[in-house]
Amino acid sequence: GKTIVFDLLGQIWLLPSGGGEAKAITNSIQENAEHLFPTFTADGKRIVFWDSRPASWGLTSMDLTGKERRNLTELSSSQIDSHSDRFFACSPTKGEVTFIRGGKLMLLSENNGTNPVELKVEGLPRPGITDPVYTPDGMKCAFVNAPAIYSSHSGGRLWQVKAEGGTAEPLTGEKTEVRAPCYSPDGQRIAYFVFNEDLAFEIWIHHLDGSEPQKLVEHKDIT
């Protein structure tokens, strides 16, 4: 919890969580690539990110200096769609990465190397999975039942499924369209974005004990 990783202008940066000087650990101009959506691995020693290159894209991992790169997935620019592999989550307990490809939930683990396997998800009313996130104990995975279109001003209902796949259960109401869910460290709450009637983001907190969700902000510049 001492360091924040984020992307800015296609580069990945590290910042002390209490504020201070940010340090870029990738260089988008020199590498002729965009590095986006960075996430720490469970042990905090590596960062997984979406690596967009001129002829291909996919998930890459690196150490905290930006070196020791490892390509985890790689698709040519003509494969599937430009949103494949862009939405992903690192397991908080294992060396695994769950990601979305072609609207399906995929898993990369130490056992299957660079050959991802599909995690079957049943019980959804419509196709499309995006925005995966693990529970803090790594036993379950929440996701949004919506097309994985990054620029879309829409969302979907929030669902949860076991980390190995299976029948999913809904967490939010049918009419609530959310994006980018995030569990609290104790696993009892989930924060997410909601688009309001002005197509602006709002941050809401969902309580898993069944109490009413709470809107957290009134600002118009949330991202």
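View 1. A disulfide is, in general, a covalent bond between the sulfur atoms of two cysteines. The structure holds 0 disulfides. C141 is likewise in no disulfide, the nearest cysteine sulfur being that of C90, 12 Å away. C182 counts as partly exposed, with 45% relative accessibility, whereas C141 is buried, with a relative accessible area of 2%.

View 2. An open sheet is formed by 4 strands in the order 14-15-16-18, with antiparallel pairing. Strand 14 (130-134) and strand 18 (169-170) stand at the edges; each has a single partner strand, so one side of each is left without a neighbour in the sheet. Between strand 14 and strand 15 the antiparallel pairing extends over 3 bridges. Y134 has C141, in strand 15, as its bridge partner.

**View 3. The largest nonpolar core and another core apart from it.** The largest nonpolar core comprises 15 residues, of which I100, L105, I129, Y134, F143, V161 and A168 touch the most other members. At least two residues of this core come from each of strand 11 (104-108), strand 15 (140-145) and strand 16 (157-162). Another core, of 13 residues, lies apart from it and includes L36, L72, M106 and L108.

View 4. S61 is located in strand 6, which spans residues 56-63. With a relative accessibility of 4%, S61 counts as buried. Its side chain makes a polar contact with the side chain of R46, at 3.0 Å. Leaving aside residues up to four places away in sequence, S61 touches R46, I47, V48, F49, E68, R69, R70 and L72.

**View 5. Confidence of the prediction along the chain.** The chain has a mean pLDDT of 89, and 93% of its residues reach 70 or more. Among the elements of the chain, the highest mean pLDDT, 98, is found in strand 2 (residues 11-16), and the lowest, 80, in strand 8 (residues 75-76). Where pLDDT is low, predicted coordinates should not be read in detail.

Definitions and conventions. Residues are numbered from 1 along each chain as its sequence is written. Side-chain values use heavy atoms; hydrogens and water are left out. A disulfide is a pair of cysteine sulfur atoms within 2.5 Å. Buried means under 20% relative accessible area, exposed over 50%, partly exposed in between (1.4 Å probe, protein chains only). A nonpolar core is a set of buried Ala, Val, Leu, Ile, Met, Phe, Trp, Tyr and Cys residues joined through side-chain atoms within 4.5 Å. pLDDT is the predictor's confidence in each residue, from 0 to 100. Two strands pair if DSSP finds at least two bridges between them. A polar contact is a pair of N or O atoms within 3.5 Å; within protein, one must be able to donate a hydrogen and the other to accept it, and residues adjacent in sequence count only if both atoms are side-chain atoms. Contact means heavy atoms within 4.5 Å.
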